[in-house]
Amino acid sequence: MATPRTEPARRRAPTAGVPVVEFREVTKVYDGGSVGLEGATMRIGRGEFVFLVGPTGCGKSTCIRLLMKELEPSKGEIHIAGRSLGEIPRGRVPFLRRNIGVVFQDYKLLPNRTVYDNVAYSLQVIGESRQEIRRKVPDILRLVGLSTKLHNYPDELSGGEQQRVSIARAFVNHPPLVLADEPTGNLDPETSIGIMQLIYRINRTGTTVIVATHDKEMVDKMRRRVIELREGRIVRDEQSGLYRPDESTTEFAIRLRGELGVGPEGHPN
Amino acid sequence: MRFGFFLREALRGLRRSSAPALAALLTVLLTALVLGVFIPIVQATTGTANEVRGRVVLDVYLQQGASPAERSEVQSALESTTNVKSVEFISKTEALAELGRKVTDTDEKLELLGTNPLPDLFRVTPDDPDQLAVIEQSLAEQKPAAVDEVRNREGETDKILSATGLVKALAAGLAALLVFASIALVANTIRLSIFARRREVEVMKLVGATNWFIRWPFVIEGVIVGFFGGLLAVLLLAIAKQTFIDPLSDDFALLAAPDTIDFPLLIALLMVACVAVSALGSGLTLRRFLKV
C-alpha cells in the first residue's frame, strides 16, 4: 500500500499527517509546446473529496495522467503519500497504479471480457488467489448494483452501467486513492447522480477521491473542495466551493458578455 | 496457477479475435510451406553443384619408365602438399581400362599402336576445388624429378567452377530472401492482430499490470498460432512428399540427391522456426504498446 495506515481514516480531519497527493510547482509542457499545467501546487489530504474543475484543456486530465505516471512533469515534483513519483523507476509503475483506482470518461473496459472478468482482471493483476477473486468480485458488483449483469459483455450494457463496472474495477482492491477523469462526461444528469453517489460512497470509506469534471450542476450540489484550473494554472482552491465562485447575476452577465466579446477573462499570459 | 491463467488468457484472446489469429496462422502455414519446398530444392541444387565440383582434379603424369622408388617419392611429395585431400595412383593399365570405359573399340585402336601409350599418373583431389591453382603452383615450384607433366583439364575446371559458383550463390541469395520475406510477413500479420488490441493493452497497463503479465498471454498465443500453422504445413509437406516426390525420386537424380536435408530434421526446423518467429513477433510487437 502506498499509504501507510498508521491511523484510522478520519474524514473530518483530511489534512492530518502526510498528504496523499502533493503537487509542488508542477509544470507540464507537452512535446508540441502546449502547456498542460503550469506551476501547480496543491495538497490533498487523506479522505478528502476534491473536484478539479475548469474548461476543457485547462489541465484537469494532465493532473490525472501525471498522477498515474503516464506522463512525467517537465518541472516540479509530485508526491503520493510522501513518495516522489520521479523516484519510482519504470518497472515499479504498475505497482504504483495498483494503489490508485481510476475511472475514465470512456470507461476503458476490456471489450472481450464479461463484467465479472473485467473486475476480476485488476485482482488477477496483483496475483490474488482464485477464491479471493470469487469472493470479492460479486461483492463489489453488488455494491455498484450490477449483480444481475455479471456475465454480460461491456457492449451489452448502458453507459451508466459500464461506468459502474469501471468504478467497481477501480475500487475492488480498495486502493487508498481513486481518480476519476470526467466520470459523468458521457452520461445524462440522472445517471450522473447515481455515479457520483457511488463515488461519494467510496469516499466515505476513507478513500481519497479526486474527480476531474466540468459538470457544474454536480459540483454545486455536492459542495466539496473545489480546485479550479485555467490554462494550466490553479486559480482557486476552496473548501466546499461551487463550480464558479459566488457571483451576482450582474457579475455573471458582465463576465458572459466579456467572454463573448474578447475571450476568456483572467487570461494568465 | 500462473501458467494456467496465462494459458486461459491466451485461449480467450484467440477465441475472441479469431479472424486476425486465423490470418496469422495462414501466413505461418503458407510461408512454412514455401520454405519447406524451397529448402530441399536449394540443397539439392547446391548438392549437385558440389558433386560436380568434386570432379575437379589434377592429373600428375609420371615419366615413362619411372622406377617404383621415384614413384613413391612423388607420391609422398604430393601428399605433403597443402590443400591436397587425396592422392590416387593410377597405373598405365588402370588408365587404359578407364579409357576403355569411355571410348569404344579401344582394343582395335590399341592394336594399331602395339603398346599401351598411357603413362602412370597420380590423380590429386583438392580439399577445395578453388584451391586447385594453388596446388598447381606449389607443384611447379618443387617439381619432383620423375614428374613429366601436370594437367588440370583447364577448360573443364574453369567452366565447372564458375557455373557451380553461380548456382550456389543464386540459391543462397534466394534462400536468404525467402527467409527474410517469411519473417517480415509473419511479423507483420502478428503486428496487425496485436494492433487491433492495443486499446486493451493500454487498459491493462492502467490497472497496474506489469509488462510481462500482459506479454505472456500474447507470447503463448503466438506459440499456439505458430505451432498449428507449422503443423499444418508439415502435414501438407509430408502428404506431398509421399504422393509426388517419393515415386518420382527413382527417375530424377536431383530429387534423390544424397545430401538433401533429412525429412524429420526439416520438420523439426520448420516447427521451431514457426513457433519462434510467431512468439517473438508477438512479444516484440507488444513493446510499442506497453510504453504507457
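This report describes the chains, domains and selected helices of a predicted model.

## Chain A overall

In this predicted model, the secondary structure of chain A comprises eight helices and 10 strands. Of the 269 residues in chain A, 41% are buried. Among the contacts in chain A with a separation of 6 or more, 70% are between residues 24 or more positions apart.

## Helices H5 and H6 of chain A

Two packed helices are described by the angle between their axes and the distance between the axes. For helix H5 (residues 159-171) of chain A and H6(A), the axes come within 10 Å and cross at roughly 10°. Since angles under 35 degrees count as roughly parallel, H5(A) and H6(A) are therefore roughly parallel to each other.

On the H5(A) side, the contact is made by Gly159(A), Gly160(A), Gln163(A), Arg164(A), Ile167(A) and Phe171(A), while H6(A) contributes Thr191(A), Gly194(A), Ile195(A), Leu198(A), Ile199(A) and Ile202(A). Sorted by class, the residues of the contact of H5(A) with H6(A) comprise six nonpolar, five polar and one charged.

## Where chain A meets chain B

The contact between the chains takes 15 residues from chain A and 11 residues from chain B. Helix H2 (93-97) and helix H3 (115-124) of chain A each supply at least two residues of the side of chain A that touches chain B, and by class that side of chain A has seven nonpolar, three polar and five charged residues.

Chain B is divided into domain 1, which covers 2-52 + 161-289, and domain 2, which covers 58-152. The C-alpha centres of domain 1 of chain B and domain 2 of chain B lie 51 Å apart.

In helix H6 (residues 132-141) of chain B, the residues Leu132(B), Ile135(B) and Leu139(B) are buried. Seen down the axis of H6(B), its buried residues fall within an arc of 65°, so they line one face of the helix. An α-helix has 3.6 residues a turn, so residues three or four places apart point the same way. The face of H6(B) turned away from its buried side carries the exposed residues Gln137(B), Ala140(B) and Glu141(B).

## Tyr61 of chain B

Tyr61(B) is placed in strand S1 (residues 58-62) of chain B. With 18 other C-beta atoms within 10 Å, Tyr61(B) is partly exposed, because a residue counts as buried at 20 or more such atoms and as exposed at 12 or fewer.

Leaving aside residues up to four places away in sequence, Tyr61(B) touches Pro119(B), Leu121(B), Asp148(B), Glu149(B) and Arg151(B). Tyr61(B) and Leu121(B) are 60 residues apart in sequence, yet 4.4 Å apart in space, C-alpha to C-alpha.

Definitions and conventions: Residues are numbered from 1 along each chain as its sequence is written. Chains are lettered from A and ligands numbered from 1 in the order in which they are written. This is a predicted model: local features need pLDDT of at least 70, side-chain atom pairs count only at pLDDT 80 or more; totals for chains, interfaces and linings use all residues. Two residues are in contact if their C-beta atoms, placed from the backbone, lie within 7 Å. Helices (H or I, at least four residues) and strands (E, at least two) are DSSP runs, numbered from the N terminus. Ala, Val, Leu, Ile, Met, Phe, Trp, Tyr, Cys and Pro count as nonpolar, Asp, Glu, Lys and Arg as charged, and the others, Gly among them, as polar. The arc is that of the directions from the helix axis to the C-beta atoms. Axes are lines fitted to C-alpha atoms, for helices over the stretch in contact, and angles run from 0 to 180 degrees between N-to-C directions. Angles under 35 degrees count as roughly parallel, over 145 as roughly antiparallel, 65 to 115 as roughly perpendicular and the rest as oblique. Domain bounds come from an automatic or database domain assignment.
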